[in-house]
Amino acid sequence: MRIEQLEYVKEVANCKSLVEAARRLHVTQPCLTNAINSLEDELGVDIFIRSKAGAKLTLAGQEVLKISGLILDQVDELYRLSGKHQSRQEIHLAVAPAVSNSAILEIIEDYRKSMPAAPIYVHETRPEKIFTALTRSNRSIGIFNNSWLSAIDQAEFDIELLYEDKFCVFASCKSPLHGQGALTIKEVLERYPVATPICDQDILAGYLNHPKLSLISSGLYNFSDRESLKSMVVSDKAITCLPSSFAYRDLYVENALWAPLKVSDFDAPVNFYMAYPRRKLTHAESTFIECTRAFYKRWERVV
């Protein structure tokens with residue numbers, strides 16, 4: 001018997017629907033069904049009567065729900081106790097550069113309101129390295145783009161969509177192209193070479209196979225650090241292609257050093273996801289995940 005199974009029973013009883021409960025719990029319906037079936041087998045009773053109308057508690061299920069509520073209340077008390085000793089509740093994040101550059105600071109600000117003394121470690125990690133960071137180190141939460149969604153083992157991690165973004169072409173604010181209205185990507189590339197932060201050849205090849213991103217494949221400069229790339233673009237020697245979320249709270253944008261160009265025929269979507277292990281999360285991990293969800297619910301792309 002696992003605590004999460006009791007939480008599942010409580011949520012299904014509240015929703016009277018396995019589908020809705022799975023959505024609220026951020027798990028798949030088969031995962032939820034299997035967990036409840038396993039608990040029913042262990043206890044030797046039917047907890048729910050399932051039908052097309054939903055899920056209804058049996059008489060035995062009502063007793064299970066009552067006892068589960070008492071147990072979960074005691075678990076909450078333990079978490080409240082742990083909140084008094086937050087120094088041991090550290091969390092390690094593996095986040096893509098676009099997230100580290102923008103949203104992560106605001107998420108941490110929200111997190112600090114609930115966990116002011118809990119240490120947090122932010123490891124900016126190339127997208128292709130996040131899966132390794134989650135499986136072979138102490139990183140517990142990853143935020144990455146869809147280029148590496150298939151690499152995450154969904155049997156071990158829960159994965160949820162955070163937001164839908166798009167790639168934009170960034171250029172120096174000194175560039176005369178900013179005053180020319182809508183441009184074509186051909187017009188941009190006739191004037192500037194392209195700088196990119198992508199150094200891993202496998203993921204570079206993946207981007208160049210993209211029907212839109214392949215347009216920026218000529219004359220690439222590859223930088224291992226973001227600041228060198230930015231300096232080259234700000235000096236008006238190159239353009240770069242990054243998720244539009246890079247512009248959020250970016251000092252280069254706020255100080256009018258670089259900005260996205262209006263390119264009419266360049267449309268390359270990119271989605272960002274959050275992954276965390278399928279186990280009982282610590283109070284710190286759960287709190288950070290909720291802060292992340294809350295941030296992206298109010299997220300508005302700035303470009």
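# Close-up views of a predicted model

**View 1. V194 in strand β7.** V194 counts as buried, with a relative accessibility of 0% (buried is under 20% relative accessible area, exposed is over 50%, and partly exposed is in between, with a 1.4 Å probe and protein chains only). The strand that holds V194 is β7, residues 194-196 (helices are DSSP runs of H or I with at least four residues, strands are runs of E with at least two, and both are numbered from the N terminus). V169 is 25 residues away from V194 along the chain, and the two C-alpha atoms are separated by 9.6 Å. The model is predicted, so local features need pLDDT of at least 70 and side-chain atom pairs count only at pLDDT 80 or more, while totals for chains, interfaces and linings use all residues. Residues are numbered from 1 along each chain as its sequence is written, and side-chain values use heavy atoms, with hydrogens and water left out.

**View 2. The whole chain.** The chain contains 12 helices and 11 strands. It has 303 residues, of which 47% count as buried. Take the contacts between residues at least 6 apart in sequence: 75% of these join residues at least 24 apart (contact means heavy atoms within 4.5 Å).

**View 3. I130 in helix α7.** I130 belongs to helix α7, which covers residues 127-136. Its relative accessible area is 0%, which means that I130 is buried. With residues up to four places away in sequence not counted, I130 touches A94, V95, A96, T125, G142, I143 and F144. The C-alpha atom of L93, 37 residues from I130 along the chain, is 9.5 Å from that of I130.

**View 4. H123 in strand β4.** H123 is placed in strand β4. The relative accessibility of H123 is 21%, so this residue counts as partly exposed. V95 and H123 are 28 residues apart in sequence, and their C-alpha atoms are 6.3 Å apart in space.

**View 5. The buried residues of helix α6.** Helix α6 spans residues 103-114, and its buried residues are A103, I104, E106, I107, I108, D110 and Y111.

**View 6. T287 in helix α12.** T287 sits in helix α12, residues 283-297. With a relative accessibility of 12%, T287 counts as buried. Its contacts, apart from neighbours within four places in sequence, are with Y111, S114 and M115. Y111 is also one of the buried residues of α6.

**View 7. The largest pocket.** The volume of the largest pocket is about 1200 Å³. A pocket is found on a 1 Å grid over the protein atoms alone, as an open set of points where a 1.4 Å probe fits, with protein on both sides within 12 Å along at least five of seven lines, and lining residues have an atom within 4 Å of a point. Grid points are joined across faces, edges and corners, and the volume is the space filled by probe spheres set on the points. The lining has 37 residues, and L25, H26, S286, E290 and R293 lie nearest the centre of the pocket. Helix α12 supplies the largest share of the lining, 8 residues. Elements that each supply at least two lining residues are α1 (3-15), α2 (18-25), α4 (59-82), β6 (157-172), β11 (269-277) and α12.

**View 8. Packing of α2 against α3.** Helix α3 (residues 29-43) packs with α2 at an angle of about 105°, and the axes are 9 Å apart (axes are lines fitted to C-alpha atoms, for helices over the stretch in contact, and angles run from 0 to 180 degrees between N-to-C directions). α2 and α3 are therefore roughly perpendicular to each other (65 to 115 degrees is roughly perpendicular, under 35 roughly parallel, over 145 roughly antiparallel, and the rest oblique). On the α2 side the contact is made by L18, V19, A21, A22 and L25, and on the α3 side by Q29, L32, T33 and I36. This contact has 7 nonpolar, 2 polar and no charged residues.

View 9. R249 is not a glycine, yet its phi is positive, at about 60°. This residue is found in the loop between β9 (239-243) and α11 (251-254). R249 has a relative accessible area of 33%, so it is partly exposed. A256, also a residue other than glycine, has a positive phi near 55°. The loop that holds A256 lies between α11 and β10 (258-260).

Notes. Ala, Val, Leu, Ile, Met, Phe, Trp, Tyr, Cys and Pro count as nonpolar, Asp, Glu, Lys and Arg as charged, and the others, Gly among them, as polar.
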